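Dear colleague,

I am handing over the structure below, together with some notes on what was found in it. Please look through the structure first and then read the notes beside it.

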Amino acid sequence: MRQADSQTSIPTLPSAPSLIARGHDRRALLAALTFIDRPPQSAAALAAWFEKHLVAPGWMPRPAHIAEGFSERVMVGSPAPSGPDEPALRELVGAARFRVLVSLRAFMPPASDDRFLAAAIRAGRVRPAGDAALWEPCPREDELLSDIVLSLFAADILSYREFHDAYLCVCKTCLRVDFDPSTSGRTGCPEHLPTATVNVMRRSRPPI
């Protein structure tokens with residue numbers, strides 16, 4: 001996956017001028033893909049991810065602790081590399097990443113389960129971003145880590161639903177996220193043949 005810091009250059013994002021207007025802000029998608037592609041493996045790395053991708057844009061304060069559904073809270077900060085919370089943090093990050101990927105996989109056709117979008121709206125983890133067609137994340141510090149990452153995906157999907165309906169690919173075998181269905185279909189990846197190729201372009205209003 002190619003990495004970039006530009007707001008308009010997203011890892012694995014295909015050239016789609018009809019769907020992505022030049023200059024549109026895609027920082028939420030970049031932040032989410034960075035977490036999925038390079039999940040933070042230390043408290044310091046996680047704090048840096050929060051600082052760069054959520055605190056600097058003004059979407060949320062940096063949390064002092066994080067949690068997932070199964071876990072105790074783990075401190076976010078800069079302990080020694082072998083600090084006592086590091087194994088617990090890696091387990092928590094892995095669990096959050098898996099829940100996000102499962103939610104994205106369920107979002108794919110034919111299930112097209114977009115309940116996580118409605119949940120993000122109801123819980124106030126996303127909000128309109130001035131323009132009626134655009135959304136931005138606004139998670140709270142006490143949210144589950146997976147819900148924070150899902151709020152990033154939700155904001156971009158609500159803003160660019162047709163793009164995700166047409167291009168989002170999640171490998172059924174390894175859950176790799178990509179945006180190029182031309183090579184391996186919507187449910188495969190370069191390492192795994194697709195189980196099916198579904199070409200869907202639908203127009204949907206945000207859930208309420």
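**Helix 3 against helix 5**

Helix 3 (residues 86–107) and helix 5 (residues 145–159) pack with their axes 8 Å apart and at an angle of about 35°, where axes are lines fitted to C-alpha atoms, for helices over the stretch in contact, and angles run from 0 to 180 degrees between N-to-C directions. Helices here (H or I, at least four residues) and strands (E, at least two) are DSSP runs, numbered from the N terminus. The model is a predicted one, in which local features need pLDDT of at least 70 and side-chain atom pairs count only at pLDDT 80 or more, while totals for chains, interfaces and linings use all residues. Residues are numbered from 1 along each chain as its sequence is written, and side-chain values use heavy atoms, with hydrogens and water left out.

The crossing of helix 3 past helix 5 is right-handed; a crossing has that name if the near helix is turned clockwise from the far one by less than a right angle, and is left-handed if anticlockwise. On the side of helix 3, the residues that meet helix 5 are L92, V93, A96, R99, V100, S103, L104 and F107, and their counterparts in helix 5 are L145, S146, D147, V149, L150, F153 and I157, contact meaning heavy atoms within 4.5 Å. Sorted by class, this contact of helix 3 with helix 5 has 11 nonpolar, two polar and two charged residues (Ala, Val, Leu, Ile, Met, Phe, Trp, Tyr, Cys and Pro count as nonpolar, Asp, Glu, Lys and Arg as charged, and the others, Gly among them, as polar).

Helix 3 itself has 22 residues and reaches 32 Å from its first C-alpha to its last, which is close to the 32 Å expected at 1.5 Å a residue, the expected span being 1.5 Å times one less than the number of residues. Among its buried residues are E86, L89, L101 and R105, where buried means under 20% relative accessible area, exposed over 50%, and partly exposed in between (1.4 Å probe, protein chains only).

**From helix 3 to helix 4**

The loop between helix 3 and helix 4 holds P110, and a cis peptide bond, with omega about 5°, joins P109 and P110. S112 lies in that loop between helix 3 and helix 4 as well, and its phi is near 50°, a positive value in a residue other than glycine. Most residues other than glycine have a negative phi, and most peptide bonds are trans. S112 counts as partly exposed because its relative accessible area is 22%.

In helix 4 (residues 115–122) the buried residues are F116, L117, A118 and A120, and what covers them includes helix 3, strand 3, helix 5 and helix 6 (161–167). After helix 4 comes G124, with a positive phi near 75°.

Strand 3 (residues 126–129) and strand 4 pair in the antiparallel sense over four bridges, and two strands are said to pair if DSSP finds at least two bridges between them. P128 has W135 as its bridge partner in strand 4, and A129 has D131. One residue lies between the strands of this hairpin, where G130 takes a positive phi near 90°.

W135 is found in strand 4 (residues 131–137) and counts as buried because its relative accessible area is 17%. The C-alpha atoms of W135 and S159 are separated by 5.6 Å, although the two residues are 24 residues apart along the chain.

L175 is in the loop between strand 5 (169–170) and strand 6, and its phi is near 65°, a positive value in a residue other than glycine. With a relative accessible area of 15%, L175 is buried. F179 has its place in the loop between strand 6 (177–178) and helix 7 (181–184), and it counts as buried because its relative accessibility is 0%. F179 and H164 are 15 residues apart in sequence and, C-alpha to C-alpha, 8.2 Å apart in space.

**The chain as a whole**

The protein chain has seven helices and six strands, and from the N terminus on its elements run α-α-β-β-α-α-β-β-α-α-β-β-α. Of its 208 residues, 46% are buried. Among the contacts in the protein chain with a separation of 6 or more, 54% come from residues 24 or more positions apart.
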